[in-house]
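Trainee: I would like to learn how to read domains, interfaces and surface features from a model. Can you take me through one?

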Amino acid sequence: MWWSFFNLYHPKMELNSRFDIIIAGSGAAGLTIIWYILKSPKLRNKKILVLDKSISPINDKTWCYWESENLEISEFIHHSWSELEVGANGKTFSETLTEYNYNCIRNGDYAAAIINKAKELSNITFLETFINSFKSKDQFGVVDTESGIFEAPIVFQSVLPSPGFDKSKVDVSLIQHFIGWEIETNRDVFNPEKAIFMDFNVPQKNGVTFMYVLPTQNNTALVEYTIFSDKLLNENEYEAEIEDYLEHRYQLTQDDYNVLRKEKGAIPMEDRQFDTWYCDNVMNVGTVGGLTKPTTGYTFIRIHNQSKEIVSALEQNRKPSVSQSSTYRFRVYDMMLLNILNTDHEISLTIFHDLFKKNRFDRILRFLEEKTSIFQELSIFSTLPYIPFFKSIYKMKHRIFTGA
Ligand SMILES: Cc1cc2nc3c(=O)[nH]c(=O)nc-3n(C[C@H](O)[C@H](O)[C@H](O)COP(=O)(O)OP(=O)(O)OC[C@H]3O[C@@H](n4cnc5c(N)ncnc54)[C@H](O)[C@@H]3O)c2cc1C
């Protein structure tokens, strides 16, 4: 296998337990911190330990993003789309993007490339082990693992929820859950230039539901059935809906395609605030650090922004102080929409319909990226039914007027 070349540390070898930096969890957040450390002449020679229960890259997540800043990650892009389509309330809207590309990266490719680069440096050690807990002791973050105890003045962890997690306020607790099939068809049915961002024109049985289609060639695509609700389904329920969609939208029967790969996910959609620090010297990063945007599930670009801030602080010998992933204004918008998604599915669909019918897609992506000005936001809101938002403000007033 291609990843067997990784020179993994063997737990029985003697390992000095003290490091300059420990990265606990080598998913998107851990890998991205390593990526920026590798680019930093000041940090790349530090003694670094990377811990994860599995350091064997596999492609089981497709991370999509659109970017307005040059993040220097184009080498990882697996496919890009210049056109997006959205369907809602029986209508379909398509638009060619002018400010962005919609890009996807496969997590296994990303991990393999970064781990291979890191392995060129003997000061970076990878250890495959289960992490039990974190604590702080004498100015060090301490990681308790099944292979021993390791410590460093700074630990970045993307593995365990912070101790305060269960006590934080939550009014809406939904999940964005999905199963995707990467398929190859026996004839050309897809347009590899155009991604189906959200197609809500599907039966709305279990919550607000849409299909997401990422074609990479005329006959290959990732086709994902996604629901916003508080309960997961059985795998065969998601898969039956994918089969139905392929039949109705593309006239494909089961004999017309092979399923090459599957991916699944359950991403929290909550109005929760997250702690930046697990304890002194142990910082929460990635999803457990609250970087997932609750109304969309998008996290990848926020992880890049956070990792850049972390590496810049380390270079200046400062304690990283990562600000809230969203400002108050955007937390309030997310709370209002979460509340609507939770309580009124029909209105939710009308909101998506009006949003994509009456606004340019680039503007919507900029809004979802939280890069719009308040005037641009008011202009977007003026295109949406306002009563549900007022009702939502009323229902969430105890949060909105106390700092969200
Ligand atoms: C299928 C899927 C698709 C997604 N698509 C997108 C997308 O298109 N765009 C986007 O922006 N976001 C997307 N997301 C959301 C988000 O970007 C990902 O979940 C991302 O992987 C989060 O990064 P992370 O580092 O916080 O967590 P993870 O990538 O999950 O990394 C956590 C790491 O911790 C390790 N670990 C966990 N527990 C232990 C333990 N006890 N001991 C040792 N190791 C442990 C795991 O093995 C894992 O490697 C997607 C999520 C999923 C699940």
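Mentor: We will go from domains to their interface, then to salt bridges and the surface. Keep in mind that this is a predicted model.

Trainee: Into which domains is the chain divided?

Mentor: Start with the bounds, which come from an automatic or database assignment. Here domain 1 covers 2-58 + 105-168 + 272-315. Domain 2 covers 173-270, and domain 3 covers 328-400.

Trainee: How many residues of domain 1 are in contact with domain 3?

Mentor: Contact means heavy atoms within 4.5 Å. In this model, 6 residues of domain 1 touch 6 residues of domain 3. The C-alpha centres of these two domains are 34 Å apart. About 670 Å² is buried between them, with carbon and sulfur atoms giving 53% of that area.

Trainee: How many salt bridges does the rule find across that interface?

Mentor: The test is a side-chain nitrogen of Lys or Arg within 4 Å of a carboxyl oxygen of Asp or Glu. The interface of domain 1 and domain 3 has 3. The rule for polar contacts finds 4 residue pairs there. Look also at D334 and K293, a salt bridge with its closest N and O atoms 3.0 Å apart.

Trainee: And how many salt bridges does the structure hold?

Mentor: The count is 25. Among them is K117 with E75, at 3.5 Å from N to O. That pair links distant parts of the chain, 42 residues apart. K117 sits in helix α2 (residues 107-119), while E75 lies in the loop between β3 (62-66) and β4 (77-81).

Trainee: Which residues form a nonpolar patch on the surface?

Mentor: I374, F375 and L378 do, with about 330 Å² of accessible area together. L378 belongs to helix α8 (residues 374-381).

Terms used: Residues numbered from 1 in each chain as written. Predicted model: local features only at pLDDT ≥ 70, side-chain atom pairs only at ≥ 80, totals over all residues. Heavy atoms only, no water. Patch = residues over 30% accessible without salt bridge, like charges linked within 9 Å, V, L, I, M, F, W, Y side chains within 5 Å. Areas by Shrake-Rupley, 256 points an atom, 1.4 Å probe, with all protein chains shown as cover. Helix = DSSP H or I, 4+ residues; strand = E, 2+ residues; numbered from the N terminus. Buried area = accessible area lost by both parts, 1.4 Å probe. Polar contact = N/O pair within 3.5 Å; in protein donor to acceptor, adjacent residues only side chain to side chain.
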